[in-house]
Amino acid sequence: MSGPDDGVVRVDEKKSKEEITAEFNKVQNEYYNSLIVEMKDDCETYRKATECHEYAKLMIERLGKFREGFEQYKKNCYEYEAGASCHSAGHMLLQGIELADGSSPVEKDVPAAAELFARACNTTNPRSCVAIARLLQFGKFVEKDYKKAFEYLTTGCNKQNTESCFSKANCYLQGMGVEQDYSKAIPLLERGCELGHHRSCHNLGVLYYHGKGVEKDLDKFKLYNEKAQIFRFQKDPFQGTTKQHLGSGPVAH
């Protein structure tokens, strides 16, 4: 039987659940406050994109300082070429931030968000290429421009962003910003499917089913349809998904 000096850490049974939770939260807050100070020092001293991005993120998530975090994101974006910060600031502007007390530390500004997404796309964050492309395709808050959207998707795809490649393939399938050409969509969808992107597998299977851009092949349709079902229930590594499909086709058994 263990005694009081056996080295086993115990929770004081006399403490209430609320007291234990309060103590835990206190320790956690002390840790994050210390981490924020450390990140701030690293950001100001070394001016590195990663540290400065994490500093802004912690200000927002741990301290609730949305405006300060947003301004830090923008500073990181323009001074340190931090694509992740450009993307995060863009998303804050895309919807705006409204708090429970009715205040808005960040007002909605879609054109400004588009500018940040474009900068992120052209620097170090190719997933932003999909974000700016969709705004240009939608054309509600910024001038519609299918050709420019296609160019951004090409940039993202060239930087190995699978979601950009998938969306670029959809441009070829639908003739958005480029001449419709099913055959040019095939290698883009194949690349995405090989990397586990279930919608790329799905669209590729449908092309084989209908024989568009490739010779009709029901065996390949079944193969890609099965891959799509497998990848569909795995964690999606891509952000900013698209719902543009050719159609589901029949279910393969």
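Modeller: Happy to! Searching the whole structure turns up four salt bridges, a salt bridge being a side-chain nitrogen of Lys or Arg within 4 Å of a carboxyl oxygen of Asp or Glu. Side chains of opposite charge can pair when their charged atoms come close.

Before we zoom in, please keep in mind that this is a predicted model, where local features need pLDDT of at least 70, side-chain atom pairs count only at pLDDT 80 or more, and totals for chains, interfaces and linings use all residues. Residues are numbered from 1 along each chain as its sequence is written, and side-chain values use heavy atoms, leaving out hydrogens and water. The pLDDT is the predictor's confidence in each residue, from 0 to 100. The protein chain averages 85, and 86% of the residues score at least 70. Over residues 237–253, however, pLDDT stays under 50.

Let's start with two salt bridges that meet at glutamate 163. In one of them, arginine 134 pairs with glutamate 163, and their closest N and O atoms are 3.4 Å apart. These partners are 29 residues apart and link distant parts of the chain: arginine 134 sits in helix α6 (residues 128–138), glutamate 163 in helix α8 (residues 162–174). Helices here are DSSP runs (H or I, at least four residues), numbered from the N terminus, just as strands (E, at least two) would be.

Glutamate 163 also forms a salt bridge with arginine 199, at 3.1 Å from N to O. This pair, 36 residues apart, connects α8 to helix α10 (residues 198–210), where arginine 199 lies. Through shared partners, the salt bridges join Arg134, Glu163 and Arg199 into one network.

Arginine 134, at 24%, is partly exposed.

Now for another salt bridge: glutamate 81 and arginine 119 meet through their side chains at 3.0 Å, N to O. They are 38 residues apart, with glutamate 81 in the loop between α3 (66–80) and α4 (83–95) and arginine 119 in helix α5 (residues 110–122). Both residues are partly exposed, glutamate 81 at 38% and arginine 119 at 25%. Glutamate 81 has one more feature to look for: its phi is near 55 degrees, a positive value in a residue other than glycine.

At the N-terminal end, aspartate 109 caps α5, with a side-chain oxygen 3.2 Å from the backbone nitrogen of alanine 112. The buried residues of α5 include Leu116, Phe117 and Cys121. They pack against α3, α4, α6 and α7 (146–158).

In soluble globular proteins, nonpolar side chains tend to be buried together. Here, the largest nonpolar core has 53 residues, and those with the most contacts inside it are Met92, Phe117, Ile132, Leu135 and Leu189. Its largest share, eight residues, comes from α5. A nonpolar core is a set of buried Ala, Val, Leu, Ile, Met, Phe, Trp, Tyr and Cys residues joined through side-chain atoms within 4.5 Å.

Finally, look at histidine 87 in helix α4. At 5% relative accessibility, histidine 87 is buried. Leaving aside neighbours within four places in sequence, histidine 87 is in contact with Phe117, Ala120, Asn125, Arg127 and Ser128, where contact means heavy atoms within 4.5 Å. The side chains of histidine 87 and serine 128 also make a polar contact at 2.4 Å. That term means a pair of N or O atoms within 3.5 Å; within protein, one must be able to donate a hydrogen and the other to accept it, and residues adjacent in sequence count only if both atoms are side-chain atoms.

Technical notes. Buried means under 20% relative accessible area, exposed over 50%, partly exposed in between (1.4 Å probe, protein chains only).
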